[in-house]
Amino acid sequence: MISKRFTFLVIVRVVLLLVTVFLFQWIFADPRLFFNQVILGLIVVIQVIELIRFVNHTNRELTRFFTAIKHQDFSISFNQTPLGKSFKDLEQSMSGILDAYKQVKIEKEAQYHFLQFMVNQLQVGIIALTNNDIVIINPTAERLLQIQGIRNWKFVQQRNPSFAAEFSQIGDSGRKLIETIVNGEIKFLTVDVSTHSVLDIENKIITLQDINAEIEQKEIEAWHKLIRILTHEIMNSITPIASLTETMQSMLTDKSGSQKDLTDIGNETISDIRFSLNTIQNRSEGLLRFVEDYRKLTRVPKPNIGTVNVKTFLSGIDQLMKESLQRKGIALITTVDNERLTAMLDPSLMEQVMINLITNSISALEKVKDKSIWLKAYKYQTYTIIEVTDNGKGIPQTELKEIFIPFFSTRPEGSGIGLSLSKQIVSQHDGRISVSSIPEKYTSFYIQVQAK
């Protein structure tokens, strides 16, 4: 509607100009009408100037309008023109558009401040990076990394180089437990990194959480459980040893407490003493084996991690356990989602983990008719998952939380170090091992390590 009015007014002015020019031309040759010619000439000039001003005014107003939008200047006004209703409608429309943009900006600012407020209230550190610029950071992250006021990641690297070096190993996506020093105190931070692309610009989101309190609590609980198990095992060995020693002492002394003569010691007494000594020897050897098992837990070698083809690795496990499984009538089924699937691991150490898990499965399958063990490997996000499943007796829910504790075993003949040792090995690969089980149906162990 506005453009039609503008066109109409331009046409009117052009027609009036043409009429004036025509009249000027018509009287131009008559010298008697000299003053009329001058007047018409001035009118023509005025009409041309007014037409130019009329058109240029629209261009100027549109230029002001687009410049205001470009620079987000919402203070500009378009209500000062005296050129009629057509321009008034145009200017009102432009003012309305600017008001709408202004409202959108206000809402956007309000949302941003609300988001900033929520982020600042979180007890988890949050950092948003675009290239090396810190776009968002909350006080928790500044406190954990001691980087108050810093808005460039390069300065963070200079301020806390040990953290930056550990952080760089995560890459664009991943999770890592990082040890750092804050105000002279050692802190353990779980660091999660994810990368998102917005308008072809990569934004890295970093979350940091101080888990010192949780680690300390878990350490205390672990020590209590370990001390309880150590005490139990040692007492089981020391008690009969002390009892048998006392019994032998009584066999070798009379009622007055004096040592018996050799003539007073019969064959039956000697036989009892030998039996007691054999028992003491067996319990002592058992205690030595227990101490040796404990030493194994504290001497796990550092893994030599490299890129390993998972299918080749599992094929080696299959060949290693094949004969033992066939003797017990157990089927071993191996499936790998992708023949090129790789994992970052130490083959020799992870082989020990697989042997421990398969050995546990063999024990769980003793009373099962159709015995099967499944080895599965697949990729999940940036991780490779190796799954060991059997259809054995399963593990009760009450025991699932205890099975990785050193010396805890559900088997009478078990040492209780296999799963604990396996967990340590997997942890040294920056991975994790978990379990799920339904009694009398299945048990599955999941080993999660980084894919290449």
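A residue counts as buried under 20% relative accessible area, as exposed over 50%, and as partly exposed in between, using a 1.4 Å probe and protein chains only. The model described here is predicted, so to speak of local features takes a pLDDT of at least 70, side-chain atom pairs count only at pLDDT 80 or more, and totals for chains, interfaces and linings use all residues. Residues are numbered from 1 along each chain as its sequence is written, and side-chain values use heavy atoms, with hydrogens and water left out.

The chain has 12 helices and 12 strands, where helices (H or I, at least four residues) and strands (E, at least two) are DSSP runs numbered from the N terminus. Contact means heavy atoms within 4.5 Å. Take the contacts between residues at least 6 apart in sequence: 58% of them join residues at least 24 apart.

Now for the helix pairs. Two packed helices are described by the angle between their axes and the distance between the axes. The axes are lines fitted to C-alpha atoms, for helices over the stretch in contact, and the angles run from 0 to 180 degrees between N-to-C directions. Helix α9 (residues 310–327) packs against helix α10 (residues 347–364) at about 40°, with the axes 11 Å apart. That angle makes α9 oblique to α10, given that angles under 35 degrees count as roughly parallel, over 145 as roughly antiparallel, 65 to 115 as roughly perpendicular and the rest as oblique. On the α9 side the contact involves Phe313, Leu314, Ile317, Leu320, Met321, Ser324 and Leu325, and on the α10 side Pro347, Met350, Glu351, Met354, Ile355, Ile358 and Ile362. Sorted by type, these residues are 12 nonpolar, one polar and one charged. Here Ala, Val, Leu, Ile, Met, Phe, Trp, Tyr, Cys and Pro count as nonpolar, Asp, Glu, Lys and Arg as charged, and the others, Gly among them, as polar.

Helix α10 also meets helix α12 (residues 418–428), their axes coming within 9 Å and crossing at roughly 150°. From α10, the contact takes in Leu349, Met350, Val353, Asn356, Leu357 and Asn360, while α12 brings Gly418, Leu419, Ser422, Ile425 and Val426. This contact splits into seven nonpolar, four polar and no charged residues. Met350 of α10 turns up in both contacts.

Most residues other than glycine have a negative phi. Gln381, however, has a positive phi near 55°, and its place is the loop between β9 (371–380) and β10 (383–390). Gln381 is exposed, at 56% relative accessible area. Glu440, not a glycine either, has a positive phi of about 70° and sits in the loop between β11 (432–438) and β12 (442–450). With 65% relative accessibility, Glu440 is exposed too.

Thr140, in helix α4 (residues 139–145), is buried at a relative accessible area of 5%. Leaving aside residues up to four places away in sequence, Thr140 touches Leu122, Gln123, Val124 and Gly125. Leu18 belongs to helix α1 (residues 2–27) and is exposed at 55%. Between the C-alpha atoms of Leu18 and Val44, 26 residues apart along the chain, there are 8.8 Å.
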